[in-house]
Amino acid sequence: MQITQIRNATILLELGEHRILIDPMFSSAGVLPGFRLFRGERRKNPLTELPAGSEQLMETATEVLITHEHPDHIDPPAIDWIKARGLKVWCSSIDASNLRRKGLNAQNIVEDAGDLSVEVIPATHGHGMIGWLMGPVAGYFLSLPDEPTIYITGDTVLTDRVKHAIARLKPQVIVAPAGTANFGVGKDLMFSKRELIELVGLAPGKVVFNHLESIDHCLMTRANLSQIMEKNGYSEKVLVPADGEKLHFSNDDRDSRVAPAQPVDSKPGVQKWLTAKFSGT
Ligand SMILES: [Zn+2]
């Protein structure tokens with residue numbers, strides 16, 4: 001298995017024959033509005049350009065996987081790019097119909113994953129009313145024979161659901177957002193600094209951190225995060241790839257493989273429509 005960090009939450013996951021492009025945001029730097037609403041430091045997004053060579057790499061994608069419809073996970077240029085290539089878009093049952101309305105060949109991954117075993121692990125993008133307004137997000141546990149198992153958490157805080165999924169599924173690799181996003185008011189929208197440390201403690205294998213240094217309301221830096229992890233004795237367990245960096249993982253823990261459970265069928269709430277509208281995708 002290989003993971004190439006592209007930018008923000010956009011990665012290319014190579015798993016067996018699959019080359020899955022996850023959460024593509026292709027906008028040029030400064031094209032999207034700032035997301036930080038209060039307490040200054042609002043800047044236009046994304047903060048950085050796509051890394052050199054990523055266009056060619058992404059041309060090799062065989063499928064696309066979306067965790068949720070916010071513009072830092074799928075934006076209008078990415079939608080046009082996917083349509084032009086006729087790529088299938090895997091998503092959760094919540095996003096499928098809306099993505100189809102946008103002209104994409106969106107398929108519920110649980111029904112369409114072929115040789116991949118999948119469990120959708122609902123994610124919670126913030127606390128209280130803000131978390132509700134941010135809308136539903138899907139995390140994914142993916143398992144393929146002879147490859148390491150992987151859990152892509154999606155934008156989430158550390159809920160009991162996330163903790164239980166890690167304890168039950170024992171993912172060999174976890175990919176998690178570490179930007180500690182904050183609108184400038186209220187609690188963080190994703191894992192807080194304390195939760196990032198707790199997450200690594202719970203992880204049975206490696207943790208890959210992304211969603212860093214690309215969006216204005218994500219204030220955690222890679223240097224700061226690496227320092228925090230080192231201070232907690234987690235340097236060996238944690239990977240904080242630069243944009244464009246490729247990581248390789250081998251399946252060295254076959255005995256821990258756990259089969260995913262049957263999916264819980266969630267229904268989108270009214271805020272799903274609101275967030276999709278707001279994102280402009
Ligand atoms: Zn995000």
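How are the donor residues of the zinc ion spaced in sequence? They follow the pattern D-H-x81-D-x55-H. The model is a predicted one. Its protein chain has 9 helices and 13 strands, and 57% of the 281 residues count as buried. Among contacts between residues at least 6 apart in sequence, 66% join residues at least 24 apart.

**Zinc site**

- The zinc ion has four protein donors: Asp72 through OD, His73 through NE2, Asp155 through OD and His211 through NE2. They lie 2.1 to 2.3 Å from the ion.
- The angles subtended by the 4 donor atoms run from 86 to 165 degrees, so the arrangement is irregular.
- Asp72 and His211 are both buried.

**Aromatic pair**

- A search of the whole structure gives 1 aromatic pair. Its members are Phe26 and Trp81, with ring centres 5.2 Å apart and planes at 90 degrees, so the pair is edge-to-face.
- The pair links distant parts of the chain, 55 residues apart: Phe26 belongs to the loop between strand E3 (18-22) and helix H1 (54-58), and Trp81 to helix H2.
- Phe26 counts as buried because its relative accessibility is 12%, below the 20% cut-off.
- Trp81 is buried too, with a relative accessible area of 13%.

**Ser27 and its surroundings**

- Ser27 is placed in the loop between E3 and H1. With a relative accessible area of 3%, Ser27 is buried.
- A polar contact of 2.7 Å joins the side chains of Ser27 and Asp75.
- Leaving aside residues up to four places away in sequence, Ser27 touches Arg7, Leu32, Pro46, Asp75 and Pro77.

**The six-stranded sheet**

- An open sheet of 6 strands is ordered E7-E8-E9-E10-E11-E12, and its pairing is mixed. E7 and strand E12 (238-239) stand at the edges with a single partner strand each, so one side of each has no neighbour in the sheet.
- Strand E7 (residues 117-124) pairs with E8 in the antiparallel sense over 8 bridges. Within this pairing, Ile121 has Gly139 in E8 as its bridge partner.
- Strand E8 (residues 136-143) is mostly covered, with 7 of its 8 residues buried.
- E8 and strand E9 (residues 150-152) run antiparallel and are joined by 3 bridges. Tyr140 stands opposite Ile152 in E9.
- The hairpin of E8 and E9 has 6 residues between the strands, and Asp146 in this hairpin takes a positive phi near 70 degrees.
- E9 pairs with strand E10 (residues 173-177) in the parallel sense over 3 bridges. The bridge partner of Tyr151 in E10 is Ile174.

- Met134 is located in the loop between helix H5 (128-133) and E8. At 11% relative accessibility, Met134 counts as buried.
- Met134 and Leu189 are 55 residues apart in sequence, and their C-alpha atoms are 8.6 Å apart in space.

**Strands E5 and E6**

- Strand E5 (residues 88-91) pairs with E6 in the parallel sense over 4 bridges. Trp90 has Gln107 in E6 as its bridge partner.
- Strand E6 (residues 105-108) has one covered face, formed by Ala106 and Asn108, and one uncovered face, formed by Asn105 and Gln107.

Definitions and conventions:
Residues are numbered from 1 along each chain as its sequence is written. This is a predicted model: local features need pLDDT of at least 70, side-chain atom pairs count only at pLDDT 80 or more; totals for chains, interfaces and linings use all residues. Side-chain values use heavy atoms; hydrogens and water are left out. Donors are N, O and S atoms within 2.8 Å of the metal (3.2 Å for Na, K and Ca); water is not among the atoms, so sites may look incomplete. Four donors count as tetrahedral if all angles lie between 85 and 135 degrees; four count as square planar and six as octahedral if opposite donors are over 155 degrees apart and all others between 65 and 115; anything else is irregular. Buried means under 20% relative accessible area, exposed over 50%, partly exposed in between (1.4 Å probe, protein chains only). Rings of Phe, Tyr and Trp (its six-membered ring) pair if their centres lie within 6.5 Å; planes under 30 degrees apart count as stacked, over 60 as edge-to-face and the rest as tilted. Helices (H or I, at least four residues) and strands (E, at least two) are DSSP runs, numbered from the N terminus. A polar contact is a pair of N or O atoms within 3.5 Å; within protein, one must be able to donate a hydrogen and the other to accept it, and residues adjacent in sequence count only if both atoms are side-chain atoms. Contact means heavy atoms within 4.5 Å. Two strands pair if DSSP finds at least two bridges between them.
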